[in-house]
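Then let's walk through a pocket, a domain and some helix pairs.

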Amino acid sequence: MASKFLVLGEVRDGSLRNVSFEAIGAAKVAADGGEVVGVLIGDSVQALGVELIQYGADRVVVVEDAKLAQYTSDGFSQALLAVIESENPDGLIIGHTSLGKDLAPKVAGKLEAGLISDVTSLEVAGGNTVFTRPIYSGKAFEKKIVTGGLVFATIRPNNIEPLQKDESRSGDVVTLSANITDLRTIIKDVVRKASEGVDLSEAKVIISGGRGVKSAEGFEPLKELAEVLGAAVGASRGACDADYCDYSLQIGQTGKVVTPDLYIACGISGAIQHLAGMSNSKVIVAINKDPEANIFNVADYGIVGDLFEVVPLLTEEFKKL
Ligand code: FAD
C-alpha cells in the first residue's frame with residue numbers, strides 16, 4: 001500500500017553521506033509507490049536538498065538553526081519531531097551510523113513507535129514492509145515488521161543500492177521553522193583524530209591487518225596496497241590491542257561493522273568477534289600462513305602464505321592495471 005516515508009540526509013563536512021542515498025533507495029521500496037520526503041537538519045544545509053531529489057526524494061524539508069550546526073541528540077530530535085508532526089509520515093529511515101544509532105531510538109521512543117535497527121534489506125509483502133536484519137553476530141537473519149503506528153528503521157551502510165543519480169529530477173526544497181529550545185548539551189569544540197584516506201564505514205574496498213602484521217611498521221605494505229586500490233585500512237582487535245594501529249580502525253563485534261565489495265584480511269585468524277564485523281562483505285580474500293585459520297571458512301578466495309611476501313606482490317600486480 002502506498003505510504004509516505006521520510007529519509008534523514010546525513011551531512012558530514014558539508015556533504016551528504018552515501019548512506020543518505022541508500023536510505024532513499026530503501027524508502028522508495030518501503031513507500032511502495034508513495035511519497036519519499038528528504039529531511040535536512042543543520043545550520044546551512046538547504047543547498048544539499050537538490051542532491052536528495054536527484055537521488056529519488058520527491059521533495060525535501062529543511063530545518064535550519066544555528067543551534068543545529070553540530071549534531072546533538074537534543075537539538076536534532078526536536079527538529080525531527082517538528083518535521084514528523086508537520087508531515088505525518090508512515091515511517092522514517094536513517095543510516096545505521098553513529099548519528100542514526102543515537103537519534104532513531106530517541107525519537108522512536110518519544111513517539112512510542114517501532115524501531116528496526118541495522119537493516120540490510122527490505123521488501124513489501126502482504127501489505128507490510130518486511131525488514132531483514134542480521135542477528136547472532138551475522139550468523140542468522142531475522143525478518144521483522146512493525147505492526148502498528150510509525151515505522152522507524154536504521155539501514156546498515158553499503159547494503160541497500162541507491163537509485164541512479166538523475167540530474168534532471170526536480171522537486172521542492174522548503175524550510176520548516178521549528179522552535180529549537182535551549183539545548184541541554186552544547187558542543188564547544190570538535191577534536192578530530194587525523195584519519196588518513198578513505199572512510200572505513202563507507203569504503204568499497206578494505207585492506208585489514210591482524211596480529212600477523214606484527215608491528216605498526218608491518219601495516220606499511222597494507223597501506224601501500226590500499227593506496228593503489230583506493231581502499232581503506234582496517235584492523236582486527238588483536239592488532240589494535242597490540243598497539244599496531246588506532247582503535248578507530250577496529251572491525252568486529254566491538255568495532256565497526258563493514259560491508260565493502262572487497263575485504264582483504266591479512267594475518268587475521270577469523271575469530272567470531274571479528275567475523276561479526278565483516279562476514280557480510282561481498283567478496284572476502286584471506287591471506288594467512290596457517291591453512292587451518294578460521295578466516296578461510298568465510299573467505300571466497302584464500303591465499304596460504306606470508307603476508308609480507310603476498311601483499312607487495314599484489315600491490316605490484318594492481319599497479320600494472
Ligand atoms: P590472532 O588470533 O593472533 O591471529 C593472527 C593470525 O595471523 C594467525 O591466524 C596467524 O596464522 C596469522 N599470521 C601470523 N603471521 C603471519 C604472516 N607473516 N603472514 C600471514 N599470516 C600470518 N576481535 C576483533 O577483531 N574485533 C572485535 O570487534 C572484537 N571484539 C571482541 C569482543 C569480545 C567481548 C572479545 C572477548 C573479543 C573480541 N575480539 C575482537 C577479539 C577476538 O576474539 C580475537 O582475539 C581477535 O580478533 C584476534 O585478532 P587477530 O586475528 O589479529 O590475531
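Keep in mind that the model you're looking at is predicted.

How much space lies in this second largest pocket? About 440 Å³. Its lining is made up of 25 residues, and the closest to the centre are Arg 211, Ser 236, Gly 238, Ile 268 and Ser 269. If you'd rather think in terms of elements, those giving two or more residues to the lining are α6 (237-241), α7 (272-278), β16 (283-288) and α8 (307-320).

Helix α8 turns up again when you check how helices pack, this time with α5 as its partner. Here are two helix pairs side by side:

| Helix pair | Angle | Axes | Crossing |
|---|---|---|---|
| α5 (residues 220-229) and α8 | about 20 degrees | 9 Å apart | left-handed |
| α3 (residues 73-87) and α4 (residues 98-111) | roughly 55 degrees | within 10 Å | right-handed |

What do those angles tell you? With an angle of about 20 degrees, α5 counts as roughly parallel to α8, because the cut-off for that label is under 35 degrees. The α3 and α4 axes cross at roughly 55 degrees, so these two helices are oblique to each other.

Now for the domain. An unreviewed UniProt entry annotates residues 5-190 as "Electron transfer flavoprotein alpha/beta-subunit N-terminal". Over residues 5-190, the chain is 32% strand and 26% helix. Its end C-alpha atoms are 32 Å apart over that stretch.

Definitions and conventions:
Residues are numbered from 1 along each chain as its sequence is written. This is a predicted model: local features need pLDDT of at least 70, side-chain atom pairs count only at pLDDT 80 or more; totals for chains, interfaces and linings use all residues. Side-chain values use heavy atoms; hydrogens and water are left out. UniProt positions are given in the numbering used here, feature names are shortened, and annotations may be inferred rather than shown by experiment. Helices (H or I, at least four residues) and strands (E, at least two) are DSSP runs, numbered from the N terminus. On a 1 Å grid over the protein atoms alone, a cavity is a set of points where a 1.4 Å probe fits but cannot get out, and a pocket is an open set with protein on both sides within 12 Å along at least five of seven lines; lining residues have an atom within 4 Å of a point. Grid points are joined across faces, edges and corners, and a volume is the space filled by probe spheres set on the points. Axes are lines fitted to C-alpha atoms, for helices over the stretch in contact, and angles run from 0 to 180 degrees between N-to-C directions. Angles under 35 degrees count as roughly parallel, over 145 as roughly antiparallel, 65 to 115 as roughly perpendicular and the rest as oblique. A crossing is left-handed if the near helix is turned anticlockwise from the far one by less than a right angle, and right-handed if clockwise.
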